[in-house]
Amino acid sequence: MSLIADAFTLVFVAAGIAFFAAGTLGLVRLPQTLSRIHALTKADNVGLALIVLGLLPQAANVLEGAKMVAVWLLAQLASGAVAQVMAEAVMAETKATKDAAPPEEGHP
Amino acid sequence: MSLVFDAVLCLVLLAGALGVVTTGAARPAVIAFIGYGLLLGLAWVRLAAVDVALTEIAIGSGISGVVLLRCVRALPAEPLTPAPNRMLKPLAAVVSITIAAALAAVVLALPEPAPSRAADVAAALPATDLGNPVTGVLLVFRALDTLLEKVVLLLSLVGVWALSRDPACRGRPAPLSPEPAPAPSAFLARVLAPIGVLVGLYLLWAGADHPGGAFQSGAVLAAMGLLLVMGDQIRTPAAESRGLRLLLLAGPFGFLAVGFAGWATAGVFLGYPPGAEKAVIIAVEVAITVSIAVTLGLIVLGPPAGEERP
């Protein structure tokens, strides 16, 4: 039984690490701030979820497992809200620079 | 395996430190510094110093990082004229490297095994009724250091308030942002702040027997207060409020009062009354946590903007 649990843990944690690696790659390589935020929050969401799911069979008792799930939920809350705040700031900034730029030819 | 992890962590730490000083612009440097603080916290966890790790991440990286970010925003975007002395940066590098080398030499020169009072602390800890030796050292064996630390923290707030245009330091600190808070900030403040306050109080209570304590708890509570301010859920407090100033003074002066009372109850400055050590220690912890939380939050919010005109 513990062999199955260990295999489960290995597979899910490895998958979580893969998501984090992809998210980090996206954060470094993607061209726009909005797409970088998207990559980062996906890694937070799915990567952390997979790692927590993978570690659940290793928890000594229900309380320990509940704590790990709580960590995931709190990370969800923070990363989701912060991503929205940052995205709004980016939108406001681009709008401000567009407004400040001189109007293009042909526009009323 | 853990040796590989530690070696990689050391290399990443060095790279992070270099990244902080070699990044040209101020804002990326501060963000790198925050990341570097998180890595440093991980290093403290590897050294089994969880109390230090919590403090490093909450204060060294979190609160200091926010203060530095606000400083960067307050700086003018144009480079200063006249430009600062060109010798300044190399000089700072030389001083830093000399200090680091001297510290390394001193640490390497320690006899083997290094002198330690850990056994004394372990032997005397049962008398304090505390389970966490770090809390024992902070509040009992080296209480004087902790007391002075609280005074230093208060002085740093005095330094921030000295920048106020109002000589009597009245009014509220300028709002963090001129625009109303975006909806996600308000949502985050409403949902996360109650949980965060609970975590902060837990850290305070757990500090007696587990990693945690006044500084970590105060930092978390201060962060939750700032979150509520950023989410427009509470207004920044008015600096002339008597209650606010009492909260600032509760920790250092409460601790000092306990210290003087020690002469009467235990025959020594900063002694605790025999038989009631734990209760008095908890009372002191609560008082300094409140003061730390309020002081840290006000340091981030900045100097009061002067009396409001009706």
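Modeller: Let's start with pLDDT, which is the predictor's confidence in each residue, on a scale from 0 to 100. Chain B averages a pLDDT of 87, and 97% of its residues score at least 70. This is a predicted model, so local features need pLDDT of at least 70 and side-chain atom pairs count only at pLDDT 80 or more, while totals for chains, interfaces and linings use all residues. Residues are numbered from 1 along each chain as its sequence is written, and chains are lettered from A and ligands numbered from 1 in the order in which they are written. For the complex, the predictor gives an ipTM of 0.77 and a pTM of 0.85.

The C-alpha atoms of chain B fill a box of roughly 60 × 55 × 40 Å along the principal axes.

In chain B, 30% of the 310 residues are buried. Buried means that 20 or more other C-beta atoms, placed from the backbone, lie within 10 Å of the residue's own; 12 or fewer makes it exposed, and anything in between is partly exposed.

Here comes the core itself. A nonpolar core is a set of buried Ala, Val, Leu, Ile, Met, Phe, Trp, Tyr and Cys residues joined through C-beta atoms within 7 Å. The largest one has 50 residues, and among those touching the most other members are B:Ala219, B:Val284 and B:Leu296. Helices supplying at least two residues each include H3 (50–74), H9 (214–230) and H10 (242–265) of chain B, but H11(B) gives the most, with 13 residues.

Zoom in on B:Val284. Skipping its neighbours within four places in sequence, B:Val284 is in contact with B:Leu139, B:Gly254, B:Phe255 and B:Val258; contact means that the C-beta atoms, placed from the backbone, lie within 7 Å.

Next, the domains, whose bounds come from an automatic or database domain assignment. Chain B has domain 1 (1–76) and domain 2 (118–310), and the core draws at least three residues from each of domain 1 and domain 2 of chain B. Their centres, taken over C-alpha atoms, are 23 Å apart. Across the join, 11 residues of domain 1 of chain B are in contact with 14 residues of domain 2 of chain B.

Finally, there's chain A. Chain A has three helices and zero strands. Its radius of gyration is 20 Å, well over the 13 Å that the globule rule gives for 108 residues, so chain A is more spread out than a compact globule. Where the chains meet, the contact takes eight residues from chain B and seven residues from chain A.

Conventions
Two residues are in contact if their C-beta atoms, placed from the backbone, lie within 7 Å. Helices (H or I, at least four residues) and strands (E, at least two) are DSSP runs, numbered from the N terminus. The radius of gyration is taken over C-alpha atoms; the globule rule is 2.2 Å times the number of residues to the power 0.38.
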